[in-house]
Amino acid sequence: MKANPKHVLTGVYYIDGDVASGYGAMAAGCRFIAGYPITPSTEAFEAFCRWGPQVGAMFIQMEDELGSISAVVGAVWSGIKSMTITSGPGYSLMMETIGYGAMLETPFVLLNIQRGGPSTGVPTKTGQADMMQSRWGSHGDYELIAFAPESPQEMFDYTIRAFNLAEKYRCPVMIMSDECVGHMTEKVVIPEADKIDIEPRRFYTGPPEQYLPFKPDPDLVPKMAKAGDGFKLYITGLLHDEKGHPVSNEEYSMKYVKRLVDKIRLNKDKIIELKEENTEDADIVVVSYGISSRVAVKGVEIARQRGIKVGALRLVTVWPFPDEKIAELAKKTKAFVVPEINYGQVVFDVARCVHGQSNIVLVPHGGAGVHNPADIADAIEYAAKTDKQIEGVVEFKTRLEKLVFEGGFKLKE
Amino acid sequence: MAEIRFAGYGGQGIIRSGIIVGKAASIYDNKHGTMSQSFGPEARGGACSSQLVVSDSKVLYPYITVADILVAMSQAGYDKFEAELGDDGLLIFDEDLVEPKSPHGNIKTFAIPATRFAEQLGKKIVANVVILGFFTAITDVVSYEAMKKAIPDSVPEKAIDLNMKAFEHGYNFGLELLKKQKDPQK
């Protein structure tokens with residue numbers, strides 16, 4: 001199915017990542033956003049609000065983030081596509097209902113413009129420290145999908161992709177962007193509607209009396225019905241059978257929870273998106289995502305000028321994690337360098353897949369800024385020159401850390 | 001590649017200036033222009049700045065490392081960002097609002113009474129566009145043609161004429177100044 005031309009603002013724009021995501025939601029067919037505006041994600045709401053109501057879409061500012069995500073789940077069950085947008089503490093408040101969405105196999109999109117943390121942290125500056133929260137934040141066992149865009153253009157493109165995958169696999173999909181990309185203004189090309197593929201909702205079309213809301217198709221994903229259209233719908237966060245009625249036995253729990261994780265795990269190859277560059281004969285591979293992957297390219301360029309054979313693997317989707325790809329690279333790679341704006345999150349998943357076959361160097365960042373590309377280059381050089389095998393993850397000391405922790409640091413306005 | 005800082009206070013159109021030049025460069029000159037705005041939690045009203053990196057290839061690092069050009073429209077903005085200007089940098093400022101120190105390195109300075117010109121043209125608010133015209137004449141970051149396309153795109157429709165006048169005024173002032181510098185006798 002192609003996008004509705006009324007929803008697509010075809011043209012060439014100079015807009016920031018937040019706005020691009022708002023326009024992407026429109027193009028994807030999102031008809032409802034509920035949220036509680038929070039810096040640095042507010043421009044995404046504004047963009048949606050400016051155009052959405054003209055084509056019948058709606059935004060409601062809820063009382064808080066708990067209400068926001070609950071309204072989104074409700075809207076999806078009424079038959080429309082829906083999204084919420086947040087950052088920082090707002091993301092934490094949404095965790096419970098993300099699990100509710102996963103349990104009820106509710107397709108929705110959550111845009112998180114990550115900011116400095118923890119807690120209120122640094123609202124106006126960047127961070128990448130919600131990555132593990134995006135994977136494990138809600139209680140219980142489930143799988144979901146997360147993207148990490150690196151430019152306003154990708155914010156547009158991957159917002160649409162996020163909606164499409166949410167519908168295809170009936171699960172929450174996260175766009176794990178960050179303040180740097182959200183507030184970065186660049187050229188964004190919005191194509192004609194007939195160039196944009198849209199995944200329609202899997203609606204049930206058989207006789208209403210035979211409808212079972214949680215009976216899966218062969219690809220493990222069940223069909224949906226609109227609430228209020230005459231189907232029997234029983235919706236509960238309790239473990240439920242195919243009718244949606246609560247059950248609590250061990251066998252059923254095994255069957256249902258396994259399906260929740262398997263519908264993503266068994267389709268991993270269709271979901272995972274990677275950008276691989278010069279990894280074939282590389283000694284060192286830089287694994288990164290989002291804004292850090294963009295800055296890392298500069299670090300890689302500097303390292304190549306120093307004569308080091310270095311390749312790059314960019315995780316466009318971070319979850320599900322590309323276990324096999326990393327394991328395969330580990331067989332021929334001397335070391336992995338992982339820059340991320342936190343003190344170690346995705347790097348431990350890299351380590352899990354590398355399984356001691358290569359060294360792993362984390363280039364950390366405490367947030368409120370992006371890496372200095374020279375630090376990434378230095379970490380690559382360090383990894384290339386280190387011949388002994390090192391247990392666990394090595395934390396590279398950056399210039400800023402040396403300045404802050406080893407003296408010479410003066411508080412600057 | 002050029003790293004440019006626009007600095008002033010909230011309401012002067014400092015962010016808008018970054019957007020106009022970035023748009024001219026990326027959409028009409030087919031370069032890559034990445035603009036980031038920086039503000040603290042206190043945000044509106046106070047000191048305000050935007051940073052723009054213009055390059056022939058994709059901009060990988062979106063922030064300023066060493067500024068090539070500082071466009072200062074307030075003393076506070078100048079004081080804060082003067083130090084990040086490289087030794088071969090270029091300083092453009094509103095001479096009624098900024099009193100620069102003697103420059104470090106080989107910095108070249110270009111002064112314009114942008115706000116005064118804007119007032120003469122009818123509205124103080126177009127001072128930033130006057131200075132953008134001046135910027136276009138002095139630097140080679142964006143073309144005159146690209147700017148002429150980007151400005152109408154970026155301002156309210158009823159203000160297009162005034163903004164275009166402001167742009168031309170600043171641009172011509174810049175050309176005159178360059179002529180005088182080349183040939184001081186005239």
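Predicted model: local features only at pLDDT ≥ 70, side-chain atom pairs only at ≥ 80, totals over all residues.

Biologist: How many residues of strand β5 of chain A are buried?

Modeller: A residue counts as buried if 20 or more other C-beta atoms lie within 10 Å of its own. In β5(A), residues 108-116, nine of the nine residues are buried, so the strand is largely enclosed by the rest of the structure.

Biologist: In which sense, parallel or antiparallel, do β5(A) and strand β4 of chain A pair?

Modeller: Strands are taken as paired if there are at least two bridges between them. β4(A), residues 81-86, and β5(A) pair in the parallel sense over four bridges; M83(A) has V109(A) as its bridge partner in β5(A). The pairing of β5(A) with β8(A), residues 172-178, is also parallel and extends over seven bridges. There, N112(A) stands opposite M176(A).

Biologist: What do β5(A) and strand β6 of chain A form?

Modeller: They form a hairpin, with five residues between the two strands. β6(A) covers residues 122-126 and pairs with β5(A) in the antiparallel sense over two bridges; R115(A) has T126(A) as its bridge partner. In the turn, S119(A) has a positive phi of about 55°.

Biologist: Which residues of helix α12 of chain A are buried?

Modeller: In α12(A), residues 323-330, the buried residues are I326(A), L329(A) and A330(A). They cover an arc of only 105° around the axis, and therefore lie on the same side of α12(A).

Biologist: What do these buried residues pack against?

Modeller: The buried residues of α12(A) pack against β11 (284-288), β12 (310-315) and α13 (346-354) of chain A.

How values were computed. Residues numbered from 1 in each chain as written. Chains lettered and ligands numbered in written order. Buried ≥ 20, exposed ≤ 12 C-beta atoms within 10 Å, placed from the backbone. Arc of directions from axis to C-beta. Contact = placed C-beta atoms within 7 Å.
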